[in-house]
Every structure is written in C-alpha cells, then in structure tokens.
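Hello,

Here is the structure we talked about passing on. My notes follow below it.

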Amino acid sequence: MIRAVLFDVDDTLVDTRGAFRYALTSVAAAYLNAAPSADEITLTWRTDAGGHYRAHTRGELSHREQRKRRANELHAIYGGPELDDDAYDAWNRDFEQAFQDGWRAHPDAVPCLDALEAAGTAVGALSNAAFAYQEQKLAACGLSRVPMLVGVDTLGFGKPDPRVFALGAERLGFAPEEIAYVGDELDIDAVAAAQAGMRGIWLDRTGDGSVGHPADVIRVTSLTDLAAATTI
Ligand SMILES: [Mg+2]
C-alpha cells in the first residue's frame with residue numbers, strides 16, 4: 001500500500017521548462033547574433049548535448065562550471081561571445097534573475113497535493129538540484145508544504161543513484177515499497193525509483209505514449225492522474 005509520495009521538483013511540481021524559456025529568451029536578446037525561436041533555444045539548452053548537468057549530478061562538475069559550459073555551447077551554436085569567468089558571472093546574473101522571475105508551479109500541483117493530503121498521504125521532495133535552492137524555489141511557487149528531503153548536494157551526487165532514494169525514504173519515514181516516486185524523466189526518475197524498491201511513476205506531460213517504458217513503471221500525463229495511480 002502506498003502511504004507516501006516523493007516528488008521530483010523541476011518539471012514535475014514546478015514549470016521549470018517555462019522558467020528556462022523565459023531566461024533563455026532574455027539572455028538571447030542580449031548576447032546572441034542569431035535569433036533562434038524560444039522553443040528551439042529551450043530545446044537546445046535542455047538537451048544539454050555535452051551532458052554537463054548529468055556530470056554535475058554525478059559529482060563531477062560544480063553547478064557553476066556545468067552552467068558556464070552550457071552557456072558557452074549556446075553561444076558557439078548561435079553566435080555569441082565566448083564567456084570567460086567575469087563575463088560568465090555577468091551573464092549568469094541576468095540569466096538567474098530572469099529564471100527566478102519565471103518560477104511557477106504547474107497548475108495541477110496544488111490540487112494534487114490537496115488530494116493526497118485529504119487521503120492522508122505523506123509528501124516530500126527529492127531533487128537533482130541543490131537543497132537550499134530547491135527549498136527557495138518551492139517557497140516562491142507557493143509549494144513550501146512539500147518538505148525538501150534530499151538534494152544533489154546532500155550526498156554529493158544525485159539520481160539515479162539508489163542511495164539517494166534510500167535516504168529520501170528514510171527521511172520520509174516509510175519503507176521504499178510504501179512510497180510512490182513521481183518525476184518527469186523516465187530513466188533517472190521512474191525507472192531509478194522502481195529499481196530502488198519504490199513505485200516508479202513517470203510524469204509524461206508532453207508525450208503521446210509512443211515511447212515505451214518498463215512494465216514496473218506507471219505512466220501518467222498529469223499530476224491530476226497521480227492520486228489514482230497511488231491507489232492501484
Ligand atoms: Mg525533473
């Protein structure tokens with residue numbers, strides 16, 4: 001029986017994609033010669049072809065270094081200046097301000113939390129970003145009722161490492177098999193949670209279901225469907 005739900009933060013509870021889109025549009029206007037569409041530049045950023053964010057979640061790159069590399073890759077593709085340390089700091093001030101201005105909860109987050117609370121289901125958050133930063137983000141989005149439990153800096157590495165999920169379960173106070181974990185990334189969220197003994201739920205907000213997933217992972221397309229999925 002599921003007694004608790006652990007949430008991923010970015011693109012699960014919070015519309016981080018929208019915030020990145022806003023921030024990238026802002027820096028593109030200031031720095032880039034080419035004029036990629038907001039969709040294109042957001043896709044390029046999120047695809048992170050160099051794998052820098054995942055290197056960060058493995059403990060191999062600092063947050064600053066991964067973002068600086070991604071900024072310079074963006075500039076190389078779309079015709080912006082190469083950023084040295086000082087230029088990057090200025091770039092990141094603009095980017096970070098716009099990013100934080102863009103933080104919003106997904107509209108289905110609060111109704112989902114209300115439904116879980118009504119059912120007596122405990123909740124918490126586990127994220128591959130820094131703990132204090134995610135607490136700040138949740139509060140800015142009106143979601144401080146969801147306690148942050150584990151960030152990428154808690155153990156020095158993040159999902160999909162099973163130790164991250166084990167610590168989340170311990171801090172939530174339930175056994176892994178009593179917990180459903182929901183996140184938007186199939187591999188590092190749902191599959192990794194299932195491998196850690198939890199019910200892995202893949203939040204596929206934009207997909208059409210044509211991408212397959214393992215049988216032990218449940219696919220939902222919104223948080224509205226989550227409460228039902230935790231009672232299966
Ligand atoms: Mg996410």
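Tyr 181 touches Leu 6, Phe 165, Asp 189, Ala 193, Met 198, Gly 200 and Ile 201, leaving aside residues up to four places away in sequence. Contact here means C-beta atoms, placed from the backbone, within 7 Å. This is a predicted model: local features need pLDDT of at least 70, side-chain atom pairs count only at pLDDT 80 or more, and totals for chains, interfaces and linings use all residues. Residues are numbered from 1 along each chain as its sequence is written.

Tyr 181 and Ile 201 have the most contacts inside the largest nonpolar core, which has 43 residues. Such a core is a set of buried Ala, Val, Leu, Ile, Met, Phe, Trp, Tyr and Cys residues joined through C-beta atoms within 7 Å. Buried means 20 or more other C-beta atoms within 10 Å of the residue's own, again placed from the backbone. Helix 10 gives the largest share, five residues. Helices are DSSP runs (H or I, at least four residues) and strands likewise (E, at least two), numbered from the N terminus.

Helix 9 has Val 164, Phe 165, Gly 168, Ala 169 and Leu 172 buried. They line one face, because they fall within an arc of 135 degrees seen down the helix axis (directions from the axis to the C-beta atoms). Their cover includes strand 1, helix 8 and helix 10.

The chain divides into domain 1 (4-15 + 104-229) and domain 2 (16-101), with bounds from an automatic or database domain assignment. Their centres, taken over C-alpha atoms, are 25 Å apart. Twelve residues of domain 1 contact eight of domain 2.

Best wishes

Terms used:
Buried ≥ 20, exposed ≤ 12 C-beta atoms within 10 Å, placed from the backbone. Contact = placed C-beta atoms within 7 Å.
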